[in-house]
Amino acid sequence: MGIDRYELAREMDRLRQLAMEKWKQDPLPVGRAAEERLQREVKTLGLQNHILDLETDGYTVLPPGKAAPLELFDELQDAMNQLLGRAKADNLPDSGLGQTLFHMLPENPAFEKAIMSDASLTLVTYLLGYRAKLSQCTGLIKEAGAPALGIHADHSAKFPAPWSNLSNYCVVTWVLTDYTRENGAVCVWPGSHLKGQPVPPELTMAHDREEIRVLEVPKGSVIVWHGSLWHGAVPRTSTGRRMTLVLPHVRDAIQPQELFWASTTEEMIERNAPRFATLMGLTSAGPWIQDGPSRDRLAMAPFGGSKFE
Ligand SMILES: O=C(O)CCC(=O)C(=O)O
Ligand SMILES: [Fe+2]
């Protein structure tokens, strides 16, 4: 027997009604208004240099204290450690990602705080617009001997190249343990997002090239990158654990990798700012079944043509 589609439509409608009530408290802008609101937010939060980094290098690092107090990083680390004991984490052996914990968001409210951090969310807005949706809430755990992660662009295996300068997917990575070369830090090829092409096969293991920068940044940092940026991770040689919270996002019309509407509760929507429901995909027009799109949700769509909607 399949999923009860009538019940599914009713459940989704219930969440979407609540999302719409929240939206009315803070409707998201379209057109010129989107750009103007974003400019104000960037200025208020002092993110101008990070925007320049995203333009020129394709990534930026929020230093400790900018996205959230260090206590939140401890909370996130504890939440992941608790999950490690009981959730499946061996989906992708030999991928270079380490142990992976998928769809952690409903397991602990600390993840909601990370997703809603003003500074990182504003950078997501810059890359994907106000209607960006969360695509994954995933934990990576690497131990001694973890191999290098091949250099890749996250737009690869999703969108055909050449890619325009627009980001359609971006990653926000919360550094929960210090990143050093020995600890298996993320590495990037600054400016490679402007190539608009996947990494050629002969460069996927070119971690030692001079163009590659290893991001040796302390716990408490948050790294944000454009979906076309070439990046990977160096191998972990030191003992102990490298722990990372990975929060990829997508533009409104793109299908997220994890089904957030399937685990979002009314309490989660209620206790967060209106944008949370949008991140969960609950203010997007689709997906629908026999109920079809609603006129109200179609009216919330990014119809003004600005990349910041
Ligand atoms: O932290 C890592 O090893 C890199 C993960 C990665 O490539 C990504 O999150 O897109
Ligand atoms: Fe990646």
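How many nonpolar, polar and charged residues does the shell around ligand 1 have? By class, the shell has 7 nonpolar, 3 polar and 1 charged residues. Here Ala, Val, Leu, Ile, Met, Phe, Trp, Tyr, Cys and Pro count as nonpolar, Asp, Glu, Lys and Arg as charged, and the others, Gly among them, as polar. The model is predicted: local features need pLDDT of at least 70, side-chain atom pairs count only at pLDDT 80 or more, and totals for chains, interfaces and linings use all residues. Residues are numbered from 1 along each chain as its sequence is written, while chains are lettered from A and ligands numbered from 1 in the order in which they are written.

The residues around ligand 1 are Leu97, Leu140, Leu149, Asp154, Val171, Thr173, Val186, His231, Ala233, Thr244 and Val246. A residue counts as near the ligand if its C-beta atom, placed from the backbone, lies within 6 Å of it. Strand 6 (169–175), strand 10 (231–233) and strand 11 (241–250) each give two or more residues to this shell. Helices (H or I, at least four residues) and strands (E, at least two) are DSSP runs, numbered from the N terminus.

Strand 11 has several partners. Two strands pair if DSSP finds at least two bridges between them. Strand 6 is joined to strand 11 by 7 bridges, and the two run antiparallel. Within this pair, Val175 stands opposite Thr244, and Thr244 also belongs to the ligand shell. Strand 4 (residues 138–143) pairs with strand 11 over 6 bridges, again in the antiparallel sense. Gly139 has Leu245 as its bridge partner there. Strand 3 (residues 133–134) is antiparallel to strand 11 over 2 bridges, with Leu134 opposite His249. Strand 11 is mostly covered, as 9 of its 10 residues are buried. A residue is buried if 20 or more other C-beta atoms lie within 10 Å of its own, exposed if 12 or fewer, and partly exposed in between; C-beta atoms are placed from the backbone.

Strand 7 (residues 186–188) meets strand 10 over 3 antiparallel bridges. Cys187 has Gly232 as its bridge partner in strand 10.

Some backbone details stand out. Most residues other than glycine have a negative phi, and most peptide bonds are trans. The bond joining Ala161 and Pro162 is cis, with omega about 0 degrees. Pro162 is found in the loop between strand 5 and strand 6. Ala157 lies in the loop between strand 5 and strand 6 and has a positive phi of about 65 degrees. Ala157 is exposed, because 8 other C-beta atoms lie within 10 Å. Pro287 is in the loop between helix 8 (275–279) and helix 9 (295–299). His103 has a positive phi of about 50 degrees. His103 lies between strand 2 (99–101) and helix 5 (110–115), in a loop. With 18 C-beta neighbours inside 10 Å, His103 counts as partly exposed.
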